[in-house]
Amino acid sequence: MVLSTRLAVFFTKRAVGLSGLFAALLAFAGPALAADPQGYDVNIQSTGVGELDQALHDSSLLVTLAEKAPTGPFALVARAKGDVERLETALHAYGFYQGHIVIGIAGRKLDDPELPNVLEAMPQGSSAAVKISAELGPQYRLRRITLEGNVPEGSKIDLASGQAAIAADVLFAGTKLQSALQEQGYPLAKVDAPIAWADDDAHVLDVIFKAQAGPRAKIGMIHLDGLKTVNESFVRKALTVHTGDLYSPSKIEEARQALIATNVFSGIEVRAADHLDPDGTIAITFDMQERKMRSVALGAAYSTDLGISLSASWSHRNLFGNGEQLNLSAAGNGLGGSATKALGYNLSAQYIEPMFLQNDQVLEFDLGAVKQNLDAYDQTAITAGAYVRRKFSKLWTGSAGLTAMQERISQEGVTRDYQLVAVPITATYDSTGLTDPLLDPTHGLRAALSATPTHAFGKPSSNFIILQAAGSTYFDLSDFGISDPGRSVLALRGLVASVQGASQFGLPPDQRLYAGGSGTVRGYDYQSIGPQFPNGKPIGGLSAEAATVEFRQRLFEDFGAVAFVDAGQASDVSAPFTGTVRVGAGVGVRYYTPIGPLRVDVAVPLNRAPRGAAFGIYIGLGQAF
């Protein structure tokens with residue numbers, strides 16, 4: 001028995017299912033309209049094979065249309081008869097080629113001539129019991145797997161004699177071979193649909209794959225379509241594949257991703273020609289859609305300690321045609337916060353030069369102006385910095401820079417001017433797979449290590465280095481069989497920081513370490529954890545640590561809830577883990593939007609400090625970490 005079409009029929013059935021459905025509706029339109037809809041409940045008995053049970057469920061129109069399209073008794077019987085063929089196709093797809101489907105309605109077989117009358121006589125509003133069971137029979141196995149055609153030596157089909165004759169596995173093996181041939185530089189490689197013969201006595205399948213690798217080829221002309229404001233020279237510099245490279249779909253996809261990473265394209269498609277050029281090469285075309293180069297964003301946040309914050313930003317993603325970015329932002333803050341004394345502002349300008357000296361490296365210049373009126377200190381500052389940031393791999397990024405700050409700080413009635421020069425060095429690791437920090441991570445690890453040697457001019461002057469290690473990790477509980485993917489996530493966060501080389505009061509107040517607030521321990525005011533003056537105002541310390549355990553549960557489609565415990569401390573000595581640990585706990589709700597979750601958290605301190613806040617409320621965009 002030849003089964004070349006039966007191997008693929010399970011997948012094509014779904015494509016033609018809609019046309020079959022429309023035909024059935026037309027055929028039974030009269031009875032369906034003439035009779036009241038007959039409700040029914042479907043019970044598919046388990047086969048003991050989880051994947052097959054799911055395939056039967058997904059293939060059944062009785063299941064799919066039970067709530068969406070109620071129908072009359074005659075049409076219900078027709079729908080059930082159509083399901084027999086669909087469900088037997090699912091059995092065949094899992095190697096049960098002698099399997100049969102049995103469907104009964106209201107305790108009667110489908111071929112019972114009295115079944116429609118029985119359904120007609122049922123009380124209005126009642127539901128008919130539909131029972132579906134499968135007689136599996138033996139599961140066929142693969143016996144001989146043969147590869148025919150002109151292919152490179154060593155090419156093989158990824159199937160083994162004796163394994164279950166599952167249609168998806170057999171079809172995928174052909175697709176996998178074709179992809180492997182193309183990856184080896186054969187762009188026109190083709191693997192035909194497999195031909196299978198069934199030995200019904202031995203319950204086995206013999207399968208033949210016919211393949212043609214075609215000629216091996218290198219990449220020829222590379223065409224760039226869709227460029228308007230982006231310079232072609234910039235795109236060709238960003239490309240990681242070139243004319244003369246051996247054809248490789250994975251390398252071409254890497255090149256497409258590299259172009260997407262320039263941040264100037266909203267979408268890119270790649271097409272390879274369907275024939276070789278006369279010189280034996282194959283042309284490829286990148287079809288690019290440019291993003292809108294200018295954007296404006298507005299933002300708002302609220303917390304009981306820092307009050308209301310309003311922000312606006314303007315960005316240009318392609319200033320001179322080579323992907324240069326200019327970002328301008330302004331924020332006002334401090335309105336109504338328990339840890340603030342007056343309004344403040346934060347102004348910044350950022351310029352980013354991509355592909356600085358090499359493709360995976362950028363040059364960044366920052367200018368800023370800050371005014372803060374906090375319980376800990378009042379600060380007015382102007383900042384400037386330059387950074388070189390390099391991507392070492394998909395997971396690792398490093399940066400080094402030079403920054404300068406001119407600031408005036410008042411603390412406890414003492415005002416001093418400082419000039420600071422620092423050399424921040426940072427290494428970051430990110431395996432979450434997300435490029436936007438506002439998106440919702442469900443797995444992976446984010447970590448950052450930084451060392452910032454600093455010299456502070458002033459009275460007194462000082463040399464010191466700030467060391468910090470921070471990280472967060474996320475566990476999707478579906479990996480442990482507890483929930484559906486992305487619905488239940490356990491998130492952990494940790495921070496350890498220390499200042500070396502200067503005494504507590506030898507540091508400018510803004511360079512000391514603090515804890516408390518949404519970034520460390522919720523439920524406590526911003527910077528309120530750690531050493532304090534006699535009046536309860538924060539001094540700041542030489543070390544700080546914080547940790548969080550947060551459980552995130554998705555509810556319905558767009559809403560979620562969280563529960564969390566935060567803990568942290570700040571100390572007046574450089575050695576970590578030497579201060580008094582403060583603990584906060586709380587709950588929150590999330591509303592998931594296309595640009596990230598809207599966050600509302602409420603937290604209370606579990607070991608409240610004297611004169612400390614009784615609770616904290618935090619509203620913003622994006623998860624807490």
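User: Which side chain does arginine 522 join to glutamate 550, and what kind of contact is it?
Analyst: The side chains of arginine 522 and glutamate 550 are joined by a polar contact of 3.0 Å. A polar contact is a pair of N or O atoms within 3.5 Å, one able to donate a hydrogen and the other to accept it, and residues adjacent in sequence count only if both atoms are side-chain atoms. This is a predicted model: local features need pLDDT of at least 70, side-chain atom pairs count only at pLDDT 80 or more, and totals for chains, interfaces and linings use all residues. Residues are numbered from 1 along each chain as its sequence is written, and side-chain values use heavy atoms, with hydrogens and water left out.

User: What does the side chain of arginine 522 do with aspartate 601?
Analyst: It makes a polar contact with the side chain of aspartate 601, also given as 3.0 Å.

User: Is arginine 522 buried or exposed?
Analyst: Arginine 522 has a relative accessible area of 1%, so it is buried. Buried means under 20% relative accessible area, exposed over 50%, and partly exposed in between (1.4 Å probe, protein chains only).

User: Where is arginine 522 found?
Analyst: In the loop between strand 23 and strand 24. Strands (E, at least two residues) and helices (H or I, at least four) are DSSP runs, numbered from the N terminus. Beyond its neighbours within four places in sequence, arginine 522 is in contact with residues including Arg493, Thr548, Tyr618 and Phe625. Contact means heavy atoms within 4.5 Å.

User: What sits over the ring of phenylalanine 625?
Analyst: The charged end of arginine 552, 4.9 Å from the ring centre. A charge sits over a ring if NZ of Lys or CZ of Arg is within 6 Å of the ring centre and within 35 degrees of the ring normal. Arginine 554 lies over the face of tyrosine 592, at 3.7 Å from the ring centre.

User: New topic. How many aromatic pairs are there?
Analyst: Six. Rings of Phe, Tyr and Trp (its six-membered ring) pair if their centres lie within 6.5 Å; planes under 30 degrees apart count as stacked, over 60 as edge-to-face and the rest as tilted. One of the pairs is tyrosine 377 with tyrosine 514, which is tilted, at 6.3 Å centre to centre and 50 degrees between the planes.

User: Where are tyrosine 377 and tyrosine 514?
Analyst: Tyrosine 377 is in the loop between strand 16 (361-373) and strand 17 (378-391), and tyrosine 514 is in the loop between strand 23 (488-500) and strand 24 (543-555). The pair links distant parts of the chain, 137 residues apart. Both tyrosines are buried.

User: What about tyrosine 474 and phenylalanine 625?
Analyst: They form a stacked pair, 6.3 Å centre to centre with 25 degrees between the planes. Tyrosine 474 lies in strand 22 (residues 462-476) and phenylalanine 625 in the segment after strand 28 (616-621), so the pair ties together parts 151 residues apart in sequence. Tyrosine 474 counts as buried at 3% relative accessibility, and phenylalanine 625 counts as buried at 12%.

User: Where is asparagine 607?
Analyst: In the loop between strand 27 (596-605) and strand 28. Asparagine 607 counts as partly exposed, at 27% relative accessibility.

User: What does the side chain of asparagine 607 reach?
Analyst: The backbone oxygen of valine 581, at 2.8 Å. A polar atom of the asparagine 607 side chain also lies 2.9 Å from the backbone nitrogen of valine 583. The C-alpha atoms of asparagine 607 and valine 583 are separated by 6.2 Å, although the residues are 24 apart along the chain.
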